[in-house]
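Please look through the structure below before reading the notes. They are arranged by topic and written for a first reading.

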Amino acid sequence: MPDVAEQTAPLRTDGAPAGGSSLAAGAKPDAAVVRDALGVGIAVGLSGFAFGVTSAGSGLSLLQTCALSLLVFTGASQFALVGALSAGGNPYTAAAGAFFLGVRNAFYGLRLSQLLALPRPLRPLAAQWVIDETTAVTLPQPTRRAARIGFTVTGLTLYVLWNLTTLVGALGAEALGDTDAWGLDAASPAVFLALLAPMLKSTTERVTAGLAVLLALGLLPVLPAGVPVLLSALAAPVVLFLTGRVKGGGAGKGAATAGTEGGR
């Protein structure tokens, strides 16, 4: 078990506590971390109601709807699955789209495992809570203690609320009537975009996100439901390739100019 000094030490970029005498220099009050985590957990957890309504409106049973929230617990993937099914998409294509959309959580886990450094028995349980929201709250924390508090409070609050509101939404779907008229299927994507937008700090990241949106919207009318989401991921290698070409061209011109000046 790490001692208090280690848990309150500022984290290096690799997730390990930084040494030195200013161990608590980057510490953040526990109450502030809990407040931020509760804010995210409650705000996003309530949108489980939208998933419950949308899922029930798409033809899934109450048991199937609740099982998705209990076992899958990644809102964007859940909405992608029921959205593709309600649009008449092939179940296998819908499942594939939801699966690949959820793969991002595995990459989150690689980073969070360094920051949290949880005991081995707890890691399988914590893996269930590795999602966009817990990652967004955990990564900015200045100490390991704050990261653990943020992750735990966000994960617990969100998991409990999401499943409760999923149940309520599924039970109340019939009373709401036509779920498409309410536009509830846009709730989870809106939350995801709200969390993602502040992280797009560089021009490359913004261009990649914009191109992914254009690809998804452009392919939506011509491809089966769920496939445009998968193909929108091609935006990343395309932008990286073009960025490399631009940088390579700039370096080549710089070298040529230096060579010309050196020959004078």
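The model is predicted. Its chain has 14 helices and 0 strands.

**The chain as a whole**

- Read from the N terminus, the elements run α-α-α-α-α-α-α-α-α-α-α-α-α-α.
- The chain has 264 residues, and buried residues make up 33% of them.
- Among contacts with a separation of 6 or more, 72% are between residues 24 or more positions apart.

**Salt bridges**

- How many salt bridges does the structure hold? The number is 3.
- One of them joins Asp-30 and Arg-145, whose closest N and O atoms are 2.6 Å apart. Asp-30 belongs to helix H2 (residues 30-45) and Arg-145 to helix H10 (residues 144-176), so this pair ties together parts that are 115 residues apart in sequence.
- Asp-30 counts as partly exposed because its relative accessibility is 29%, a value between the limits of 20% and 50%. Arg-145 is also partly exposed, at 35% relative accessibility.
- Asp-36 and Arg-35 form a salt bridge through their side chains, with an N to O distance of 3.6 Å. Asp-36 is partly exposed at 31% relative accessibility. Arg-35 has 56% relative accessibility, so this residue counts as exposed, the cut-off being over 50%.
- A salt bridge also links the side chains of Asp-132 and Arg-104, at 2.7 Å from N to O. Asp-132 lies in helix H9 (residues 132-138) and Arg-104 in helix H7 (residues 104-116), so the pair ties together parts that are 28 residues apart in sequence.
- Are Asp-132 and Arg-104 buried or exposed? Both Asp-132 and Arg-104 are buried.

**Ser-77 and the second largest pocket**

- The second largest pocket has a volume of about 230 Å³.
- Its lining consists of 16 residues, and those nearest the centre of the pocket are Val-72, Thr-74, Ser-77, Ala-98 and Gly-102. Helix H4 (62-72), H5 and helix H6 (91-102) are the elements that give two or more residues to this lining.
- Where does Ser-77 lie? Ser-77 is part of helix H5, which covers residues 75-86.
- Ser-77 is classed as buried because its relative accessible area is 3%, and buried means under 20%.
- Leaving out residues up to four places away in sequence, Ser-77 touches Ala-98, Leu-101, Gly-102 and Arg-104. Ala-98 and Gly-102 are, like Ser-77, among the residues nearest the pocket centre. Arg-104 is the salt-bridge partner of Asp-132.

**The nonpolar patch**

- Which residues form a nonpolar patch on the surface? They are Leu-231, Leu-234, Val-238, Phe-241 and Leu-242, with about 450 Å² of accessible area together.
- Helix H14 (residues 235-263) contributes the most to the patch, giving 3 residues.
- Leu-231 is found in helix H13, which spans residues 227-231. Leu-231 has a relative accessible area of 31%, so this residue is partly exposed.

Note on methods:
Residues numbered from 1 in each chain as written. Predicted model: local features only at pLDDT ≥ 70, side-chain atom pairs only at ≥ 80, totals over all residues. Heavy atoms only, no water. Helix = DSSP H or I, 4+ residues; strand = E, 2+ residues; numbered from the N terminus. Buried < 20%, exposed > 50% of the residue type's maximum accessible area, 1.4 Å probe, protein only. Contact = heavy atoms within 4.5 Å. Patch = residues over 30% accessible without salt bridge, like charges linked within 9 Å, V, L, I, M, F, W, Y side chains within 5 Å. Areas by Shrake-Rupley, 256 points an atom, 1.4 Å probe, with all protein chains shown as cover. Salt bridge = Lys/Arg side-chain N within 4 Å of Asp/Glu carboxyl O. 1 Å grid on protein atoms, 1.4 Å probe; cavity = no way out; pocket = protein on both sides within 12 Å on 5 of 7 lines; lining within 4 Å. Points joined across faces, edges and corners; volume = space filled by probe spheres on them.
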